[in-house]
Amino acid sequence: MTFETLGLDPALLRAVADLGWPKPTPIQIDAIPPAREGRDVLACAMTGSGKTAAFLLPLLHRLNDAPTRGTRALVLTPTRELAAQVHADLQELAKHTSLKGAAVFGGVGMGPQEAAFRRQTDVIIATPGRLLDHLGQPGRYVDFRGLEVLVLDEADRMLDMGFLPDIKRVLSHLPAKRQTLFFSATLPKPIVDLSHAMLREPARINVERVSKPAVGIEQALYPVPEALKADLFIALLKSNTIGNVICFTRTKHRSNRLAEVLTRAGIPNARIHGNRSQAQRTEALAHFKSGKVRVLVATDIVARGIDVEALEHVVNFDVPHVPEDYIHRVGRTARAEATGEAFTLVSPEEEQDLRAIEKAIARKLPRRTVSGFDYAHRPAERLEVPLAERIAAIRARKAEDRARAKAKAARREEHAQREAARPAASRKGPGRGRRGR
Ligand code: AMP
């Protein structure tokens with residue numbers, strides 16, 4: 001099977017050839033023909049399967065086939081990173097056409113995004129929250145009357161993040177007569193219900209198959225006491241058992257602390273999580289992609305949609321609570337046709353969550369130990385500072401800030417009084433003394 005046999009527009013075939021893709025991936029082979037015929041699609045597909053091109057190629061084919069003005073396609077994604085990634089993929093795939101896309105997400109200015117709507121950009125790739133912000137603006141510049149195609153990307157993740165009401169509100173702004181391409185890694189009941197409500201006689205792709213991590217990924221467990229996780233992770237890095245790696249932690253606090261410990265161990269790292277600004281996230285990702293940092297520490301939610309070519313390793317620093325999260329993260333190492341390794345550090349307290357994962361993927365994962373690592377030593381420092389201590393530290397810092405501000409205000413007041421007491425002639429005017437230099 002080749003891209004040519006999928007009947008795609010020559011301009012798209014050229015773009016695919018430029019990217020050096022030798023042949024379509026299984027999800028592309030299955031999804032492109034029905035989508036190209038204008039049918040709705042319900043597809044179970046994970047990051048790494050080539051799913052983005054599986055919806056972008058038929059979408060671009062349709063728009064290029066009968067060019068008209070107006071925003072004609074909308075792609076909804078759960079995260080900013082994924083929206084940016086889909087936009088980047090679109091730019092590559094559409095480069096020999098005149099079709100344009102724009103990414104619309106929070107954390108950056110509304111102005112350029114408003115301009116993209118006013119220009120009637122062909123394809124809008126948006127997170128639901130920011131899209132609703134635009135839809136609520138007084139200028140009423142969002143015009144979806146000519147919308148032909150709606151894509152839901154990682155629908156399960158959007159529901160996990162509580163976007164269902166937002167998605168329903170967005171739907172109320174879209175024409176009922178449209179093509180809908182619905183992509184989800186997993187199909188829990190709420191997703192099945194939503195897909196029933198949104199799709200008409202869809203082509204169903206991979207739906208019957210339980211989603212499992214892509215082939216080619218070696219998975220292993222490293223049992224270790226909770227207090228020694230950071231030390232063990234550093235031992236794995238130092239022994240070069242793992243190279244460049246995305247490391248997932250359970251909480252933002254744990255990712256911050258792990259980053260500190262890595263820095264002290266001399267391991268270049270960057271962090272990406274919900275409390276980091278868009279600029280910080282973009283910079284972290286760029287440094288990781290360029291190899292400037294070896295470890296990207298991430299919490300799960302924002303890390304969705306990160307696309308890193310030839311990612312060798314994923315480490316679950318903590319066992320994910322939900323099997324689907326495990327499958328997703330592990331899927332991240334599986335770029336199309338590539339191989340990778342996914343390691344999970346498991347403390348005794350996490351064995352139960354692990355059992356649920358092993359059940360979901362229907363296999364027992366091999367357990368490994370790091371030779372030469374002292375599993376009984378006392379750690380040099382605690383990874384997690386208990387909440388009460390963190391709050392106390394924040395309070396102390398705030399009290400210090402307040403005291404500093406008070407002292408500064410008193411100094412200013414004193415200065416103003418002194419100035420007021422001096423005779424007018426000797427007072428310093430604004431900018432005096434510098435003039436004429
Ligand atoms: P995705 O599942 O959309 O996140 O895509 C995973 C990766 O596979 C991306 O880096 C794509 O650029 C790449 N990719 C998509 N389709 C193909 C293909 N047919 N051949 C080789 N690589 C591909």
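Is D133 buried, partly exposed or exposed? In this predicted model, D133 is partly exposed, at a relative accessible area of 39%. The legends below take up this residue and other charged pairs.

**View 1. D133 pairs with R130 in helix α6.** The two residues form a salt bridge, with 3.8 Å between the closest N and O atoms. Both belong to helix α6, which spans residues 128-135. They sit 3 residues apart, about one turn of the helix. R130 is buried, because its relative accessible area of 11% falls under 20%. D133, at 39%, is partly exposed.

View 2. R118 is partly exposed, with a relative accessible area of 48%. E114 also counts as partly exposed, at 25% relative accessibility.

**View 3. E419 and R422 form a salt bridge.** The N to O distance between these side chains is 2.6 Å.

**View 4. Six charged residues join in one network.** The members are E226, K229, R250, R254, D318 and E350. Salt bridges with shared partners link them. Side chains of opposite charge can pair when their charged atoms come close. Across the whole structure, the search finds 23 salt bridges.

Notes
Residues numbered from 1 in each chain as written. Predicted model: local features only at pLDDT ≥ 70, side-chain atom pairs only at ≥ 80, totals over all residues. Heavy atoms only, no water. Salt bridge = Lys/Arg side-chain N within 4 Å of Asp/Glu carboxyl O. Buried < 20%, exposed > 50% of the residue type's maximum accessible area, 1.4 Å probe, protein only. Helix = DSSP H or I, 4+ residues; strand = E, 2+ residues; numbered from the N terminus.
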